[in-house]
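User: Could you walk me through this model, starting with the overall picture and then the helix packing?

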Amino acid sequence: LSMLDPSSLLARIQGKAQVPGDILLRSTYLDNPLVPNKRGSPIEQDGIRGFMQTNSIDFTNRGFGDDDIEMVSQALEKRSIIESIYMNGNRLSMLDKRLTRALAFNHTLKLLWLENNQIYADGAGRLANALMLNETIEHVHLGRNSIRDEGTKRLAEAVQINQTIKTLDLHHNGIGNIGAEQIADAILINHSLQSIDLQRNRIEDIGGRSLTDAVQSNTVITKLDLSHNPIDRTLQQRVNDILIGPRQLSMKKQPYERSSLFFCKLM
């Protein structure tokens, strides 16, 4: 697939999605913020220039692999105005060097939603390297990617360095106590994180205690979701007690959140 052949990209997209013209682009130069990509639209007429004038790209549930999103990498490398990318429900591994390099040095992107891909530990490591260098991304959603403790360790190392990420969503990733302790260490150093989603992992009491102690020391954190982990109810209640109160009163709803505010639920 040629990076400058948008008609071929469109054909692939439409073929995999099986819905004619269903790519959604949130564009600053069109009246409707959700514009289906149809024949003759700017993205087909202008190729990469169409992406360059788009502030949000939605490639959700397209079945894409790394080779199918070359144009996204190219757009990120240029002087784009892209602020958010939704690529959940695909087959991305994040092992593509061009994409991770583009993420590292892009200066406009604020949201990266990669839930339910095939990132695993290796891809998480590559993404972590990019996050160490990126200075604009605020919201990272990586749920359902089987990154496990090894990948979580790399992401935690990135969080210790990165001071712009506010939301870190790692639900359904097979994370255990080792990964939880790595995140706890990052929380003690990081001063930008506000929301951490670790629900439906494998974190037990020892990992939960490390996270709870870290959140108590870091007063910037306003949300820690440990629901549906094998953690004692009293420990979960302690998290609630820490977060509910002055922090709740001062907390503002984060943009791009999947749902309304909630804290660590009791099992």
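User: Fine, but what kind of model is it, and which cut-offs apply?

Analyst: This is a predicted model, in which local features need pLDDT of at least 70 and side-chain atom pairs count only at pLDDT 80 or more, while totals for chains, interfaces and linings use all residues. Residues are numbered from 1 along each chain as its sequence is written, and side-chain values use heavy atoms, with hydrogens and water left out.

User: How many helices and strands are there in the chain?

Analyst: The secondary structure comes to 11 helices and 9 strands, where helices (H or I, at least four residues) and strands (E, at least two) are DSSP runs numbered from the N terminus.

User: And what share of the chain is buried?

Analyst: Of the 267 residues in the chain, 55% are buried; buried means under 20% relative accessible area, exposed means over 50%, and partly exposed is in between, with a 1.4 Å probe and protein chains only. Among contacts between residues at least 6 apart in sequence, 81% join residues at least 24 apart, a contact being heavy atoms within 4.5 Å.

User: Which residues have the most contacts inside the largest nonpolar core?

Analyst: They are L103, L114, L170, L198, L211 and L224, in a core of 57 residues. A nonpolar core here is a set of buried Ala, Val, Leu, Ile, Met, Phe, Trp, Tyr and Cys residues joined through side-chain atoms within 4.5 Å. Helices that each supply at least two residues of this core include α4 (70-77), α5 (97-105), α6 (120-133), α7 (148-161) and α8 (177-189). As a general matter, nonpolar side chains tend to be buried together in soluble globular proteins.

User: What does L103 touch?

Analyst: Leaving aside neighbours within four places in sequence, L103 is in contact with L76, M94, L109, L112, L127, A130 and N134.

User: Now the packing: at what angle do α4 and α5 meet?

Analyst: α4 and α5 pack at about 30 degrees with their axes 8 Å apart; the axes are lines fitted to C-alpha atoms, for helices over the stretch in contact, and angles run from 0 to 180 degrees between N-to-C directions. The two helices are therefore roughly parallel, given that angles under 35 degrees count as roughly parallel, over 145 as roughly antiparallel, 65 to 115 as roughly perpendicular and the rest as oblique. S73, Q74, L76 and E77 in α4 meet R98, L99, R101, A102 and L103 in α5. By class, this contact of α4 with α5 has 4 nonpolar, 2 polar and 3 charged residues, where Ala, Val, Leu, Ile, Met, Phe, Trp, Tyr, Cys and Pro count as nonpolar, Asp, Glu, Lys and Arg as charged, and the others, Gly among them, as polar.

User: And how do α5 and α6 cross?

Analyst: Their axes come within 7 Å and cross at roughly 25 degrees, and α5 and α6 are therefore roughly parallel to each other. The contact is made by K97, T100, L103, A104 and F105 of α5 and by R126, L127, A130 and L133 of α6, and by class it has 6 nonpolar, 1 polar and 2 charged residues.

User: What about α7 and α8?

Analyst: The axes of α7 and α8 come within 8 Å and cross at roughly 0 degrees, which makes α7 roughly parallel to α8.

User: Which loop holds T136?

Analyst: T136 lies in the loop between α6 and β6, and counts as buried at 18% relative accessibility. T136 is 6.0 Å from H107, C-alpha to C-alpha, although they are 29 residues apart in sequence.

User: What is the phi of N116, and of R144?

Analyst: N116 has a positive phi of about 60 degrees although it is not a glycine, and R144 also has a positive phi of about 60 degrees without being a glycine. Most residues other than glycine have a negative phi. N116 is in the loop between β5 (111-113) and α6, whereas R144 is in the loop between β6 (139-141) and α7. N116 counts as partly exposed at 40% relative accessibility, and R144 is partly exposed with a relative accessible area of 40%.
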